[in-house]
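I opened this entry to keep track of what I looked up. I went from helices to a sheet, then to the chain contact.

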Amino acid sequence: MTRRVLMGNEAIGRGIVECGCSVATSYPGTPASEILESVATFAREAGHRMHVEWSVNEKVAYEVALAASYTGKRAAVSMKQVGLNVASDPFMRSAYLGVKGGFLLVSADDPGPHSSQTEQDSRFYAMFAKVPVLDPSSPREAKEMVGLAFALSEAYEIPVMLRPTTRVCHARQAVPLFTPEREVRPARFDKEPKRWCATPRFVTDLHRGLTDKLGRLRADPRLAPVFFPGDGTVPRTCIIASGVAFAHTWDVLDEMGLSGKVDRYQVKAPYPLPTDFIERIGSAYERVLVVEETYPVIEMQLANRMVSGRGSRLVPNEGELTPEVIRGVLVEFLGLEPAPVHTASMPAGARPTLCAGCGHRAAYYAISQTFPRGIFPGDIGCYTLGVNLGAVDTCHCMGASIGQAAGFYHAYAQDGQAFPSIVATIGDSTFFHSGIPALVNAVNQRARFLVVILDNGTTAMTGHQPTPGLGRTASGEQGRPVFIRDLVRASGVAFLQEVDAYDVETLTAHLTDADRYMRSEEGGVAVIIASSPCVLAAEAGTTRAVHAVRVTEDCTGCRECLDLFECPALVWDEAAGKVGIGQGTCARCGVCLHVCPVGAIVADEGEPA
Amino acid sequence: MRQRIVVSGRGGQGVLTLTRVLAEAATAAGHEVITTETHGMAQRGGAVISTIKVGPFHGPLIASGEAEVGLFLHADNLPVHGHYLRSGGTALVNATDLPGHDAVDADRLAAEAGEPRAANLALLGYAAGKGVLFAGPDLFEATIRRVTPAKHLERNLTAFRAGVEASK
């Protein structure tokens, strides 16, 4: 056995490979993205012939892995918590039908949230679906729990969820490594129509079987909470915690000199809670504190009015349980003298912005300049940052830009007046993920709006995972590329233009044409594909012309370029009261040549292009 | 050994790499270590922070007023993340000159080393040279050798050593 410093997500990926998993699928999303990348890396290291797949979305990822489990092989699917919303349909039914080979679902939650639309708790989804869920407190524990999840899944023929949170996914720690188990099971699908194709009349029996499995799981010692007894200083009182909130509670108790003084339980499987644990907590304690993220899953199962937690509002119902928050909760619960707290509100720090030279900035500039009174439904990705440029008005969930654009159109159009120009923006990966059904729907319903597909050839924000347009698999092998233009045409769109996003003049002309088409008698949805490779991708910047730029003395210091364009390479020179070019950061895309109202940003002829 | 370190900077400045080097070095020295870092949208130039806890800790987060050491890759982050430092803690800042703070121009040192993106390692060298971290420069140099791809190694080491030199 060796030890290696691994990020939580890498530890989970390693665990999946060590357990002899055959098929692993995912769709990228913070904080889960590195799990599948690690599976690919460790499978390659171990020489395993795994199928490792970046699927088009989480629902498809779930179904691919699920069917692999039907053949008796081990399979894993990973996603961020809101990805499980997308995959919830196959997830719910898979609990009823069960699995064959061990089936692991990793749903990574994001209390805070740091990089998500909600801070929803996937453990509630597990309870909703009636499947067991494991809640690791560290990368090391997350890896151990992968093994436990596969074992439980096979023993009970049930999907098992592992629910890490951001602070486990992105923690680093030395983790023990074992030799990966080599998968030797051949694929064998046994047809059982009453199960795999259960019609409604078989469903009640399957549901009964599921309830029975849960009853047996409640008595399985592997799911029992771990007890850390106190020394009796604080009698008939206990603290129950799970996940990384357990780890932080431990550290805070250490800091307060209270470790070992009060009874503590670490709940490793928040659902289903063992029946005898619920009874023991009810009979042995007068005061109980539950610390868990993010919703009261353990607390609700205890159904105990002695419990302090989210229900009693001792634990805040929103936000991450940081050590500061936990300290405040413990001080109140244990009746201690509050220590001085640092409550001064801190400045937020620099807000994120699109990179220097990002093609999205050029496209957003053209859109906002062309349609000063437009409505701009946006989507999920780096390009949500178009909100800084006044070119994104909504951000909801994956693919929502196109559905919302249609909703805006129908609402305005039925008033019988001139409707505004509605411009939806969506990235290439998001378009593949869930933009296609919305586009088909909008065309079919005769909506009139513009869609600008921002194609940077990658899934940029989550770390450059390949899209179907690229034709490269998660293992780095050749896939068959699927082209956005073909999908757009096949969706019935009659107006389609493709343009280099840096070419602001042509893009602006296309936007004007598209608006005219959309408003014409036979008009409908118009699509423009604005392409520009992500400047952070390895292959970017090698193929395009470069434009050295400089700012002349004519700069009036009006700051329009800073406020409307917000390129990190345009820097304010306080002393001169003018704008300058940050030569270290400028990507030389030349787009800012269009931006200055007095023409003070010019091509630098003196420098070779 | 117990030491809590915050590394603060802007997305793209190499906060993650610096976090990883600190974690690897602590492990190589036989310490327990747990860290956490910022991923996602904030990495696009926003304020980002990592925490590194060396010693028998369980959770990765550091509370306000607990950190013994703060490495600030951007001076603008001091008012944002400075509160993590305990009273008497050490803040080392990448800046040309910052009255009242221990500043080193890590950007310049890295640029002179031919690797402008290695300001993170120049700041690490400065901190290691000052003796405020759980280990000295030799351990960090060995760690950088172990985790850096060959084509960047020499210039990264040059930047790191320039930081060590600047601390003297």
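I began with a helix pair: α5(B) and α6(B) cross in a right-handed way. Helices here are DSSP runs of H or I with at least four residues, strands are E runs of at least two, and both are numbered from the N terminus.

I noted the ground rules next. This is a predicted model, where local features need pLDDT of at least 70 and side-chain atom pairs count only at pLDDT 80 or more, while totals for chains, interfaces and linings use all residues. Residues are numbered from 1 along each chain as its sequence is written, and chains are lettered from A and ligands numbered from 1 in the order in which they are written.

Back to the helix pair. I found that the axes of α5 (137-147) and α6 (150-166) of chain B come within 10 Å and cross at roughly 165°. Axes are lines fitted to C-alpha atoms, for helices over the stretch in contact, and angles run from 0 to 180 degrees between N-to-C directions. That makes the two helices, α5(B) and α6(B), roughly antiparallel (the term covers angles over 145 degrees). On the α5(B) side, the contact includes F140(B) and I144(B); on the α6(B) side, L157(B) and F160(B) are among the residues. Contact requires C-beta atoms, placed from the backbone, within 7 Å.

**Sheet in chain A.** I traced an open sheet of four strands, ordered β14-β15-β17-β16, with parallel pairing. Strands pair if DSSP finds at least two bridges between them. Which strands stand at the edges? They are β14 (423-427) and β16 (495-500) of chain A; each has a single partner strand, so one side of each lacks a neighbour in the sheet. The twist averages 20° from one strand to the next. Inside the sheet, six bridges join β15(A) to β17(A), and L450(A) stands opposite A526(A). I also saw α15 (400-413) of chain A lying across β14 and β15, at about 170° to β14(A).

**Between the chains.** I counted 36 residues of chain A in contact with 33 of chain B. On the chain A side, α10(A) gives the largest share, five residues. I also found two bridges joining β8(A) to β2 (33-36) of chain B, running antiparallel. There, R172(A) stands opposite T35(B).

How values were computed. Contact = placed C-beta atoms within 7 Å. Parallel < 35°, antiparallel > 145°, perpendicular 65-115°, else oblique. Left-handed = near helix turned anticlockwise from the far one by under 90°.
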